[in-house]
Amino acid sequence: MSSTDGAEDFTPYQMPDLQPASARELKLMIKDWRTGRATKKLGEALHDAYIAILGLAMVGAMIVNVIISAQQVVAQCASDSCLSARAVLPWGSLALSVAVALTASRLFGPVLASAAEGFWLLDAPVDRRRLLTSRLASALVIALIGGAAVGALVAALTGSGLPAVLAWTGATGVAAMAAVTFAAAEQGVERRLWVRLLTYLFAWVGVAALGGVIAVAANWFSIDLGPDRSLEIALAVMAAGLLIFVIGLGLAVTRLRRIRRSRLTSGGALAGGISGAFFALDVGLVRDIVVEQRAVEIGHVRPKRGKGIGLQALTWREWQRLWRFPQPLLVVLATVAIPYAADALGLSRIAPVIGGIALFAALIPLLGGLRVLTRTGGLARCLPYPTSKIKLATIAIPAGVALVWALAITAAFVGFGEGAEQRSIFDAFLMALATGAAGLLGAVRWTQSKPVNFAAPMVATQAGAFPPGLTTKIIAGFDICVLVTFPMLLGGSPFWSIAIAGIVALFLLISVDADQLRQQQQEQQRMLDEQKRRREAAASQQKQRKR
């Protein structure tokens with residue numbers, strides 16, 4: 001066969017006309033990758049589902065029991081002022097739920113994507129809106145469920161009827177969902193100012209609602225709110241929230257194409273880091289990640305020179321840190337209303353516990369210096385002072401804030417609402433002081449608690465391997481608040497709570513922990529070994545000289 005015949009038989013390969021994949025095909029491919037590589041068996045999945053359902057049933061039964069007990073206590077306060085005060089409380093929960101939804105939306109996105117998706121999926125020639133619609137829907141569902149749960153819980157605790165509970169449940173859930181929709185619409189045009197302003201606005205509206213509860217209970221002014229009026233207000237709020245939700249959803253879906261990839265992946269990276277920290281049950285690490293995210297957004301600040309000598313320099317640095325970022329003081333100021341609201345609702349017996357836990361959560365941002373020095377042992381050893389004095393110097397400013405907070409809530413324990421327990425000013429001050437000490441010591445306990453060591457030997461339980469320090473890590477801080485306020489919860493003298501607070505402070509701030517003792521023993525052993533080697537070297541040299 002000649003070369004010309006072979007050339008005639010040759011047909012060049014033609015590339016097929018490739019069409020870009022659609023968003024649905026990409027999602028199906030990702031789903032196939034994830035489900036095709038699953039290693040969990042069906043029996044293991046059913047066992048995990050059984051454990052989850054059983055745990056949910058147990059927790060749900062506990063919550064229902066607490067709600068029924070609270071309703072029985074609240075029902076004892078049946079005056080007009082008390083009923084009006086309880087009717088105002090769902091307003092505060094709704095406003096605070098919206099503020100939390102806006103804060104979480106501004107922090108995460110609310111629309112986000114992982115780094116892997118941003119690397120190749122968002123670069124695909126497909127409509128980005130089709131890829132991100134499901135993310136927006138997930139954020140809206142989470143906001144709806146979370147807001148509805150908060151609204152139902154608060155409305156049930158105030159002793160409202162079933163129609164009012166259902167109405168406030170829907171109103172709070174729809175309001176939170178509308179807030180997330182508004183934040184998503186603003187994310188599409190790269191605006192954060194309005195979201196930040198509305199966050200502060202709704203937060204202070206919630207605090208003002210708590211102040212209204214206090215004022216109505218104290219008969220400073222009256223609000224005529226019957227069950228029918230409260231139901232009408234809840235339905236009106238729900239209708240307004242639905243209107244804002246529809247408008248915001250249209251804008252958010254239209255602007256999904258305009259969200260930058262860097263904005264999507266930053267929220268995904270933050271969510272991934274926080275989920276990993278929650279998986280390790282290290283809430284302190286969660287706060288560190290959030291603080292780092294805020295520092296990255298700010299970029300840089302103007303450095304300031306410190307003042308003082310010795311331990312005064314540490315205290316002055318804490319004051320400079322608070323002066324530079326005074327927003328945590330607003331949270332502390334908002335928690336002042338919680339003991340007053342508890343007294344106004346006829347819950348004065350549990351006001352110390354609630355107030356101590358609220359102050360504990362509010363003081364954590366003020367203890368950044370203590371966290372750095374306790375987590376970085378080398379830095380603390382560089383300072384020529386004992387660890388106890390370093391701790392006292394770093395908590396001086398938060399302790400002053402806690403003392404001012406205790407003075408501000410003293411009137412709440414005197415008893416000003418109808419049906420409240422009346423006390424003398426001295427006893428009220430002691431109860432306020434013990435409550436402030438419980439919150440401060442709880443924050444100190446939470447800040448200097450060490451993370452869970454998953455490398456340590458596990459404890460065998462019915463649920464599998466269990467790290468030994470996991471339980472104490474979860475309840476760190478809460479245990480101190482309950483321990484200090486427990487005598488007052490039982491109706492005992494506040495002197496017992498102050499004595500317990502003193503013992504707890506002795507162990508938290510002055511005593512030496514086990515790790516420090518171990519380090520000191522290792523250092524002493526190293527010095528003894530070094531001296532022994534020197535003596536042996538000197539003895540060997542002396543023997544050589546004699547020879």
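Reader: Let's start with D479. Is D479 buried, partly exposed or exposed?

Author: D479 is partly exposed, because its relative accessible area is 26%. Keep in mind that this is a predicted model.

Reader: Okay. Which residue forms a salt bridge with D479?

Author: That partner is R445. The closest N and O atoms of D479 and R445 are 3.9 Å apart. D479 sits in helix 23, residues 478-489, and R445 in helix 21, residues 425-447, so the pair ties together parts that are 34 residues apart in sequence.

Reader: How many salt bridges are there in the whole structure?

Author: A search of the whole structure finds five. One of them joins the side chains of R321 and E318, with 2.7 Å from N to O.

Reader: Where do R321 and E318 lie?

Author: Both are in helix 12. R321 and E318 are three residues apart, which is about one turn of the helix.

Reader: And R321, buried or exposed, or something in between?

Author: In between. R321 counts as partly exposed because its relative accessibility is 41%. E318 has a relative accessibility of 6%, so E318 counts as buried.

Reader: Got it. What does R526 pair with?

Author: R526 forms a salt bridge with E530. Their closest N and O atoms are 3.6 Å apart. Both residues lie in helix 25, residues 514-546. They are four residues apart, about one turn of the helix.

Reader: Which residues are linked in a network there?

Author: R526, E530 and R534 are linked in a network of salt bridges.

Reader: How accessible are R526 and E530?

Author: R526 has a relative accessible area of 43%, so R526 is partly exposed. E530 is at 27%, so E530 counts as partly exposed too.

Reader: New topic. Which residues form the positive surface patch?

Author: R302, K304, R317 and R324 form it.

Reader: Where is K304?

Author: K304 lies in a loop. That loop runs between helix 11, residues 283-298, and helix 12, residues 311-324. K304 counts as partly exposed because its relative accessibility is 46%.

Reader: What about a nonpolar patch? Which residues make that up?

Author: Y50, I51, L54 and M58 form a nonpolar patch on the surface. Together they have about 410 Å² of accessible area.

Reader: Which helix holds I51, and how accessible is I51?

Author: I51 is found in helix 3, residues 42-74. Its relative accessibility is 44%, so I51 counts as partly exposed.

Reader: Back to helix 11. Where does D288 come in?

Author: D288 has its place in helix 11. D288 is partly exposed, because its relative accessible area is 29%.

Reader: How far apart are D288 and R371?

Author: In sequence, 83 residues. In space, D288 and R371 are 10.0 Å apart, C-alpha to C-alpha.

Reader: Now T199. Why does T199 count as buried?

Author: T199 has 9% relative accessibility, and buried means under 20%, so T199 counts as buried. T199 is in helix 8, residues 193-217.

Reader: What does T199 touch?

Author: A99, L102 and T103. That leaves out residues up to four places away in sequence.

Reader: Last bit, the overall picture. How many helices and strands does the chain have?

Author: The protein chain has 25 helices and two strands. It has 547 residues, and 37% of them count as buried.

How values were computed:
Residues are numbered from 1 along each chain as its sequence is written. This is a predicted model: local features need pLDDT of at least 70, side-chain atom pairs count only at pLDDT 80 or more; totals for chains, interfaces and linings use all residues. Side-chain values use heavy atoms; hydrogens and water are left out. Patches are made of residues with over 30% relative accessible area and no salt bridge: like charges are joined within 9 Å, nonpolar side chains (Val, Leu, Ile, Met, Phe, Trp, Tyr) within 5 Å. Accessible areas come from the Shrake-Rupley method with a 1.4 Å probe; for residues, only the protein chains shown count as cover. A salt bridge is a side-chain nitrogen of Lys or Arg within 4 Å of a carboxyl oxygen of Asp or Glu. Lys and Arg count as positive and Asp and Glu as negative; His and the chain ends are not counted. The place of a charge is taken as NZ of Lys, CZ of Arg, CG of Asp or CD of Glu. Buried means under 20% relative accessible area, exposed over 50%, partly exposed in between (1.4 Å probe, protein chains only). Contact means heavy atoms within 4.5 Å.
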